[in-house]
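Visitor: I am new to this structure and would like a close look at a single part, the surroundings of the ligand. Please take me through it slowly, together with the parts of the chain that belong to the picture.

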Amino acid sequence: MDRFHFRTQILIGGEPLSRLLAGFRRVFIVTDQFLRESGRVGYITGRLTAPGAEYQIFSEVKPDPDVDTVTAGVGQILAFAPDAVVALGGGSPIDAAKAIVYFARRQGGMEKCAFIAIPTTSGTGSEVSRFAVITDKQKGVKYPLVDDSLLPDYAVLDAELTRSVPPKVTADTGMDVLTHAVEAYVSKETGDFSEALAEKAVKLVDRYLLAAYQNPDDLEARQGMHHASCMAGAAFSNSGLGLCHGMAHALGGQAHIAHGRANAILLPYVMTFNAGCDNTLTKTAGRYAELASLIGMGATSTRQSALNLIHMVRRLNRSMGIPASIRDAGISREQFEEMLPVLSEAALADRCTASNPKLVTREEIAAIYRQAFLKTTRPVRTE
Ligand SMILES: NC(=O)c1ccc[n+]([C@@H]2O[C@H](COP(=O)([O-])OP(=O)(O)OC[C@H]3O[C@@H](n4cnc5c(N)ncnc54)[C@H](O)[C@@H]3O)[C@@H](O)[C@H]2O)c1
Ligand SMILES: [Zn+2]
């Protein structure tokens, strides 16, 4: 890593947001239907206190936002001409808002305006990342858009907003956080700054994820996970991710498995591959061992420490009802066999795969998908 770029101001809680929003007159809010209908948008509109302040709400975003949604948003934002954009939601509304602003500026000549991201899930870290993931529904492919201009100006971390997240979404998004931290830590592009953030994120996940899952009203656990998500986001925004995300993007695009869940299922298999647990141990095994020691799971050998971290991922999945395999996630063998060539090709081409610490071929990716389908870490034949 030869640079660490961070430009987002982080505001903790709703109070600093009130001061910030008092300075804007035309606010374009990007969110999803649930957050609009449940009244969560009042968190923003109630704070628009400038005389004559106006707002417009774009709430057409669905999970895994697609190109058509972004195009519709670009039309509306250009007509409204805001002085601030507020993205309220999980990764889907935040990514959609980033892409809407990106294309409105490049293709529609929109002036620069403030961008405020308010996450309502603790998962993607999109509030501090230079990534936005947009889906091409026709092709069944998810494209990560990566650009410094996608970095929000402000991120608001208020755990109160995450209290209503259902346990299943808490589980999936929480495992997304862990995957970001682990992949950022071992990425080819990592460095001291990303490592420090990833280490803290792993510790926070270890301490708080199960508690947030088991007791949605545990605000200390919720805020801890919110911080973990944000730190892991800042880490991977600089270091890049790895093979697990490349494979999860492909699986999400083809099989419509939620992003965090796809990562959670694939992570133990990808870690086993990266560590070389089946044959020759790699340097990455040593890196996993470092993370294991951080959370008190170190053993006397590197191999056992790395395995302990992989077991910890499996245990977390099991405790939160996340399926252990692609088959258990409801994908039939026929569907899987039909998708496999497309999945392997898309995962190999995904930009996240490029920063994986171990070089990987299309055949190896297919073999890892097969292991994740069959729930085995033994080598499996690929055609
Ligand atoms: N930009 C990045 O850096 C980055 C990183 C990882 C993933 N992503 C992308 O982000 C998207 C996934 O985001 P996500 O996992 O946050 O899920 P999401 O935004 O799709 O939301 C999942 C569900 O949770 C609901 N929800 C959100 N907040 C809630 C709340 N407070 N209470 C109750 N329900 C709530 C939503 O309405 C939705 O039904 C995917 O498209 C993924 O590819 C982006
Ligand atoms: Zn992710």
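Guide: What follows begins at the ligand and then moves on to the domains and the sheet. This is a predicted model, in which local features need pLDDT of at least 70 and side-chain atom pairs count only at pLDDT 80 or more, while totals for chains, interfaces and linings use all residues. Residues are numbered from 1 along each chain as its sequence is written, and chains are lettered from A and ligands numbered from 1 in the order in which they are written.

Around ligand 1 there are 29 residues, of which Pro63, Gly90, Gly91, Ser92 and Ser126 are the closest; a residue belongs here if its C-beta atom, placed from the backbone, lies within 6 Å of the ligand. By type, this shell holds eight nonpolar, 16 polar and five charged residues, where Gly is counted as polar and Asp, Glu, Lys and Arg as charged, while Ala, Val, Leu, Ile, Met, Phe, Trp, Tyr, Cys and Pro are the nonpolar ones. At least two shell residues come from each of helix H5 (91-108), strand E6 (131-136), helix H6 (167-186) and helix H10 (259-275), helices being DSSP runs of H or I with at least four residues and strands runs of E with at least two, numbered from the N terminus.

Because domain 1 (9-162) and domain 2 (170-374) both contribute residues to the shell, ligand 1 lies between them; the bounds come from an automatic or database domain assignment. The centres of the two domains, taken over C-alpha atoms, are separated by 27 Å, and 25 residues of domain 1 are in contact with 27 residues of domain 2, contact being C-beta atoms, placed from the backbone, within 7 Å. On the side of domain 1 that touches domain 2, two or more residues come from each of E6, strand E7 (141-146) and strand E8 (154-157), and E7 gives the most, with four residues.

E8 also belongs to an open sheet of six strands in the order E1-E8-E5-E4-E2-E3, with parallel pairing, where a pair needs at least two bridges found by DSSP. Strand E4 (residues 84-89) and strand E5 (residues 114-119) run parallel and are joined by six bridges, with Gly89 standing opposite Pro119 in E5.

Notes
Contact = placed C-beta atoms within 7 Å.
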